[in-house]
Amino acid sequence: MAITVGMEWYLPVIWSLLLAVAIAMYVVLDGFDLGMGILFPFAANDRERDQMMNSVAPFWDGNETWLVLGGGGLLVAFPLAYSIVMPALYLPVIFMLLALVFRGVAFEFRHVADTSRYLWSISFAGGSTLAAFFQGVLLGGFVQGIKVENNAFAGGPLDWATPFALVCGVAVVAGYALIGSVWLVMKTEGAAAERARARAKVLLPAVLVFMAIVSLWTPIAFPRIAERWFTTPNLFYLAPVPLITLALAYGVWRWLEKGYEHLPFFGVIGLFLLGYLGIGISIFPYLIPPTLTVWETAAAPASQIFMLIGTVFLLPIILGYIVFVYWLFRGKVREGEGYH
Amino acid sequence: MEFDPILLARIQFAFTVSFHVIFPSFTIGLAAYIATLEVLWIATGHERYHRIARFFTKIFAVSFAMGVVSGIVLSYQFGTNWSRFAHVGGNVIGPLIGYEVLTAFFLEATFLGIMLFGWNRVPRGLHVFACVMVAAGTSLSAFWILAANSWMQTPAGYELIDGIAHPTDWLTVIFNPSFPYRFAHMVTACYLTTAFVVLAVGARYVYAGRYPEDGRTMMRMAIGLIAILAPVQAFIGDSHGLNTLEHQPAKIAAIEAHWGSSEDIGGSVPLVLFAIPNEETETNDYQIEIPYLGSLILTHSLDGKIKGLKEFAREDRPPVAIPFFAFRIMVGLGLLMIAVGWLGAFLLWRRRLFETDWYLAPLQHIWPIGFVTILAGWFVTEVGRQPYVIYGVLRTEDAISPVAGWALATSLALFVLVYAVVFSGGIYYINRLIAKGPEGAALDPPEGVPNRPLASAHKATRAAINAREE
């Protein structure tokens with residue numbers, strides 16, 4: 001790579017950061033509402049399920065929009081990467097999308113249905129769980145690398161299906177279930193909140209175990225990642241990431257014990273972001289590991305600039321009204337609220 | 001078993017896009033309708049507008065959910081099924097989709113929360129504002145997606161470098177030659193589609209004597225809109241046709257099933273009313289035609305010439321039968337819309353609208369007309385663009401992803417299965433909401449008050465209700 005520190009160097013870096021932000025927003029926001037869906041079958045009764053669903057009903061649609069921005073952002077800034085990743089991860093992408101279809105319509109159908117209500121509860125729980133699982137598989141499939149020849153995907157339709165990717169799938173299900181449970185601690189009251197708290201205490205250690213497995217597996221299986229983490233001086237710069245993770249996990253545990261309502265949720269967001277940062281450190285600057293970097297897959301500068309101008313103005317406005325809506329629906333879920 | 005990836009990818013895209021297009025077309029119109037009702041409610045204080053708005057909000061919520069989930073699928077299909085297209089056109093198409101997400105999707109998805117769940121929680125003004133924002137979001141979304149689609153039809157403002165499109169002028173990219181026509185045509189189609197659903201629902205209530213007051217308001221508003229917009233749409237469509245003749249002559253030739261050049265058939269082009277286009281013999285079987293009319297419609301002159309299909313190389317011609325028949329369905333239904341709108345306006349003027357059974361009875365079943373018309377129009381324009389995905393730049397067969405045929409076949413089978421279950425469910429539930437009626441949407445639903453029984457559909461009862469509420 002030639003060292004030309006100009007616009008063509010900066011733009012892809014800015015865009016990879018923006019993309020990372022969009023995906024992080026997605027993981028946190030849709031993470032808790034998918035997680036709530038994963039926990040659906042464990043609710044005590046239908047009333048509690050209504051309460052759970054109402055806690056995210058005003059937000060889920062906006063949350064899922066970040067997924068479109070993630071996919072759209074990849075197409076905008078890195079069309080070549082988009083055109084390689086999507087065919088490479090074809091089946092998990094399709095499975096995830098279909099799971100989201102089932103889950104998304106269940107929000108509305110479940111309220112309108114009466115005798116078939118339980119079917120939409122199943123569809124909601126199943127769709128949420130499968131969508132989370134395949135998002136984990138996508139993550140694993142991406143981290144483990146994609147076979148590329150002549151700027152196109154050159155592998156088979158099942159290349160992604162490795163034990164590593166499947167473990168990542170289960171890990172994400174556990175992670176989303178955790179953030180879903182601390183969301184419910186914050187948004188529900190009484191028995192429902194207590195059950196959510198108990199569940200979070202089971203899920204937190206499970207998630208830490210998965211984080212440990214993935215953190216050990218990646219450097220062992222992929223030497224390029226080991227090189228990133230375990231050579232000096234990187235080792236010293238990067239060591240705080242796992243250490244802070246452990247400290248924060250302990251904090252979340254204590255907050256759950258002490259009965260805090262909001263802190264566990266924000267603590268788990270912190271855990272997610274730290275894990276995410278770890279993956280970013282392992283991957284950057286590859287967008288198609290281990291072949292193509294962000295610079296090699298970037299869109300035409302004119303396209304990146306055109307989109308950047310709009311993003312700089314629009315993103316703060318979007319974040320503003322999203323915060324406004326969350327603030328508007330702050331506090332515990334009120335019963336029987338809505339248009340139904 | 002061997003699978004043809006191109007055919008499978010095309011079927012899959014046609015299938016998913018056809019399902020998807022139905023919901024936004026309905027919700028774009030419906031969001032505007034709900035916002036209008038809300039503004040009227042604030043302005044006039046009539047509770048009726050609020051009641052109707054709440055009623056349609058429930059239907060909106062179900063349709064919007066189906067539009068969102070099927071739309072997310074589409075946003076990823078550019079990559080999964082058409083990755084070569086994403087690479088070649090990404091520099092241009094990407095930002096258009098990106099702006100759609102930033103300006104439209106977030107707006108509608110975020111304010112939807114207030115629209116659906118804020119009834120008792122936020123001040124009236126803020127709620128109306130949320131409804132207006134949702135409506136604005138859906139329309140902005142149409143703006144960007146049609147800019148992208150139009151660019152694929154009539155690409156402009158770009159240059160090709162190593163076979164990859166690079167933008168040179170964004171205003172030209174967005175406002176490409178066919179964009180204004182396509183955008184106006186589509187948005188008008190959305191409003192008409194929604195108006196016909198509102199009209200059918202209103203007619204159903206008026207005819208059955210249930211919620212007659214609300215039903216009449218729905219009918220009045222819908223007929224007013226249709227009587228004006230349906231003829232306007234015919235005019236926009238005609239202008240769009242002229243634009244297509246200029247930029248995509250092969251598409252027009254296919255729509256008209258017009259094979260030879262004008263000279264072959266004596267200077268002017270007839271309008272083919274019916275025929276079975278035969279691509280083997282390059283002629284039409286069983287043709288019924290009106291002389292000169294083709295020239296008159298397409299060129300606005302009696303001896304205007306248009307290019308025939310035979311003047312294009314075989315591999316550059318679109319398939320003929322689909323655009324030909326779909327176009328006739330679209331225009332036929334469009335004319336029916338004008339007739340229904342004007343007849344309704346006439347009856348309204350004569351104060352006979354709500355008593356004219358022969359008009360009301362079939363009207364209850366007219367709700368799909370807009371959806372069918374839009375699908376027909378969609379097929380005309382998309383199939384007519386073939387064999388290109390970006391007209392004149394990238395052929396469909398070169399746009400495909402490197403994905404194995406069996407993987408495409410699997411995903412297609414899953415899409416058909418899932419969509420069949422999910423969307424038939426949605427239509428069933430919407431129908432149930434309509435059957436329940438607006439009373440269920442009242443702020444405090446009265447317990448134990450049954451809906452007026454269908455028996456009151458009896459003419460005398462209905463006349464009495466009408467007389468009382470006149």
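Leaving aside neighbours within four places in sequence, Thr244(B) is in contact with Pro249(B), Lys251(B) and Ile252(B), where contact means heavy atoms within 4.5 Å. Thr244(B) belongs to helix H7 (residues 212-247) of chain B; helices (H or I, at least four residues) and strands (E, at least two) are DSSP runs, numbered from the N terminus. Thr244(B) is buried, at a relative accessible area of 7%; buried means under 20% relative accessible area, exposed over 50%, and partly exposed in between (1.4 Å probe, protein chains only).

This is a predicted model, in which local features need pLDDT of at least 70 and side-chain atom pairs count only at pLDDT 80 or more, while totals for chains, interfaces and linings use all residues. Residues are numbered from 1 along each chain as its sequence is written, chains are lettered from A and ligands numbered from 1 in the order in which they are written, and side-chain values use heavy atoms, with hydrogens and water left out.

**Nonpolar core**

- The largest nonpolar core holds 241 residues, and Phe56(B), Phe85(B) and Met219(B) touch the most other members. A nonpolar core is a set of buried Ala, Val, Leu, Ile, Met, Phe, Trp, Tyr and Cys residues joined through side-chain atoms within 4.5 Å.
- With 20 residues, helix H3 (residues 83-117) of chain B gives the most to this core.
- Apart from neighbours within four places in sequence, Met219(B) has contacts that include Leu199(B), Val206(B), Phe354(B) and Leu363(B).

**Nonpolar surface patch**

- Leu273(B), Phe274(B), Ile276(B), Tyr286(B), Ile288(B) and Ile290(B) form a nonpolar patch on the surface, and together they have about 570 Å² of accessible area. Accessible areas come from the Shrake-Rupley method with a 1.4 Å probe, and for residues only the protein chains shown count as cover.
- Patches are made of residues with over 30% relative accessible area and no salt bridge; like charges are joined within 9 Å, and nonpolar side chains (Val, Leu, Ile, Met, Phe, Trp, Tyr) within 5 Å.
- Strand E3 (271-278) and strand E4 (283-290) of chain B each supply at least two residues of the patch.
- Phe274(B) is placed in strand E3 of chain B and is partly exposed, with a relative accessible area of 36%.

**Interface between chain B and chain A**

- On the side of chain B, 69 residues are in contact with 66 residues of chain A.
- The area buried between chain B and chain A is about 6,400 Å², of which carbon and sulfur atoms give 77%. Buried area is the accessible area (1.4 Å probe) that two parts lose on being put together, summed over both.
- Tyr76(B), Phe117(B) and Arg121(B) supply 14% of the area that chain B buries against chain A, more than any other three residues.
- Tyr321(A), in helix H14 (residues 301-328) of chain A, is in contact with Leu102(B), Phe106(B), Leu107(B), Thr110(B) and Phe111(B), leaving aside its neighbours within four places in sequence. Tyr321(A) counts as buried at 11% relative accessibility.
- Between chain B and chain A there are zero salt bridges.

**Salt bridges**

- Over all chains, the structure holds 18 salt bridges. A salt bridge is a side-chain nitrogen of Lys or Arg within 4 Å of a carboxyl oxygen of Asp or Glu.
- The side chains of Asp33(A) and Arg103(A) form one of these salt bridges (2.8 Å, N to O). Asp33(A) lies in helix H1 (residues 7-39) and Arg103(A) in helix H5 (residues 90-112) of chain A, so the pair ties together parts that are 70 residues apart in sequence.
- Asp33(A) is buried at a relative accessible area of 0%, and Arg103(A) also counts as buried, at 0% relative accessibility.
- The side chain of Arg110(A) meets that of Asp46(A) in a salt bridge (3.6 Å, N to O). This pair links helix H5 with helix H2 (residues 46-56) of chain A, 64 residues apart.
- Arg110(A) also meets Asp50(A) in a salt bridge (3.0 Å, N to O), a link between residues 60 apart.
- Arg110(A) counts as buried at 0% relative accessibility, whereas Asp46(A) is partly exposed at 29% and Asp50(A) is partly exposed at 22%.
- Asp46(A), Arg49(A), Asp50(A), Arg110(A) and Arg117(A) are linked in a network of salt bridges.

**An exposed tryptophan**

- Trp358(B), in helix H11 (residues 357-363) of chain B, is exposed, with a relative accessible area of 56%.
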